[in-house]
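I opened my notebook to record what I looked up in this structure, entry by entry.

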Amino acid sequence: MELMSHSSTFLLPTIPPSPTYALVVLNQSLPRFAPLLWKHAQLRLCADGGANRVYDDMPLLLPHENAFDVRKRYKPDVIKGDMDSIRKEVLEFYANMGTKIIDESDDQDTTDLHKCVAYICDWAPDLDKSNLCILVAGALGGRFDHEIGNINVLCRFSTVRIILISDDCLIHLLPRTHCHEIHIQPTIEGPHCGLIPIGMPSGSTTTTGLQWDLAETEMKFGGLISTSNIVKGEKITVQSDSDLLWTINIKKQ
Ligand SMILES: Nc1ncnc2c1ncn2[C@@H]1O[C@H](COP(=O)(O)OP(=O)(O)OP(=O)(O)O)[C@@H](O)[C@H]1O
Ligand SMILES: Cc1ncc(C[n+]2csc(CCO)c2C)c(N)n1
């Protein structure tokens, strides 16, 4: 089985040039490291009201700079969604600056995050898709239906690397098609982590590097799932017969 390697280097001040990152900003308070994620991204999208957050919150995260200069510098490449949350003044500001606006108000069956991920995968020009990773800022810690909708996007695009990020933690999928090596960045993440079967129960999951390792263990909702686990070192391995969610806490500054 092919190996898939994971590392949260996008939270470090400087990172190696690959993979290619695309950033999607959702309609929730910006995580404190949003400017860093923005810097590392080759493509920046706002999901509908996510544009209000960039407009309102980016100057607050950079209080020593002039708000207008910050807004000009942090210009999204694309704003996409059903456009029921973005404020008119924000839409006009970015449209005048050349941001591409994609109004999909006809589609009331998929979320704004889904619409943005579909754009990145199918349409985004000039983006190396072979080594693509989509970072999603503001995906957690809000309305529960939205949070679950955001996790559902991980499952609907299970062949794409997508990482949901909040101030407190990150979540991504470990597809059952691969065995996984997770490289921990101990200065920025851990020690608390979780492994959660998604879509179907896991008949057999095996891990190394955790305080409570699994050895061909069964996991299912209503039975055992791994929460409040602890990473012991800097490398975790995971193999499972079902897709799992991996989550790890992000350290406070
Ligand atoms: N409270 C929240 N918690 C988690 N994610 C959120 C929350 N609010 C919005 N989002 C994310 O931001 C995206 C854009 O949200 P926005 O408020 O602009 O539109 P919406 O009409 O509420 O969402 P949608 O059209 O996707 O149902 C949503 O698709 C969702 O992914
Ligand atoms: C069973 C079912 N439940 C809810 C919605 C509504 N809905 C789902 S995603 C979305 C956001 C569009 O931007 C809306 C309004 C639906 N269509 N089907």
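The entries below go through the domains, the sheets, the helices and the ligands.

**Entry 1: ground rules.** I noted that this is a predicted model, in which local features need pLDDT of at least 70 and side-chain atom pairs count only at pLDDT 80 or more, while totals for chains, interfaces and linings use all residues. Residues are numbered from 1 along each chain as its sequence is written, chains are lettered from A and ligands are numbered from 1 in the order in which they are written.

**Entry 2: domains.** I looked up the domain assignment, whose bounds come from an automatic or database source, and found domain 1 (14-167) and domain 2 (168-253). Their C-alpha centres lie 26 Å apart. I then found 12 residues of domain 1 in contact with 11 residues of domain 2, where contact means that the C-beta atoms, placed from the backbone, lie within 7 Å. On the side of domain 1 that touches domain 2, β7 (161-165) gives the most, with four residues. That side divides into eight nonpolar, three polar and one charged residue; here Ala, Val, Leu, Ile, Met, Phe, Trp, Tyr, Cys and Pro count as nonpolar, Asp, Glu, Lys and Arg as charged, and the others, Gly among them, as polar.

**Entry 3: the sheet of 10 strands.** Helices (H or I, at least four residues) and strands (E, at least two) are DSSP runs, numbered from the N terminus, and two strands pair if DSSP finds at least two bridges between them. With this in hand I read off an open sheet of 10 strands with mixed pairing, in the order β5-β4-β3-β2-β6-β7-β8-β15-β10-β13. Its edge strands are β5 (100-103) and β13 (226-230), each of which pairs on one side only. Within it, β8 (residues 169-174) and β15 (residues 244-250) pair in the antiparallel sense over six bridges, and leucine 173 stands opposite leucine 245 in β15.

**Entry 4: the sheet of five strands.** I found another open sheet, also with mixed pairing, in the order β1-β9-β14-β11-β12. β1 (3-7) and β12 (217-219) stand at its edges with a single partner strand each, so one side of each is left without a neighbour in the sheet. Strands β11 (residues 202-208) and β14 (residues 235-240) pair in the antiparallel sense over four bridges, and threonine 208 stands opposite threonine 237 in β14.

**Entry 5: two helices.** Which angle do α2 and α4 make where they pack? I noted about 80 degrees for α2 (residues 50-61) and α4 (residues 88-96), with their axes 10 Å apart; axes are lines fitted to C-alpha atoms, for helices over the stretch in contact, and angles run from 0 to 180 degrees between N-to-C directions. That makes α2 roughly perpendicular to α4, a label used for 65 to 115 degrees. The contact is made by Ala51, Asn52 and Tyr55 of α2 and by Val90, Phe93 and Tyr94 of α4.

**Entry 6: ligands.** I counted a residue as near a ligand if its C-beta atom, placed from the backbone, lies within 6 Å of it. Ligand 1 is surrounded by 21 residues, the closest being Leu26, Asp48, Gly49, Ser85 and Gly142. α6 (144-156) gives the most to this shell, with four residues. By class, the shell holds four nonpolar, 11 polar and six charged residues. Around ligand 2 I found Asp82, Gln108, Asp109, Thr110, Thr111 and Asp112, which divide into no nonpolar, three polar and three charged.

Methods:
Parallel < 35°, antiparallel > 145°, perpendicular 65-115°, else oblique. Contact = placed C-beta atoms within 7 Å.
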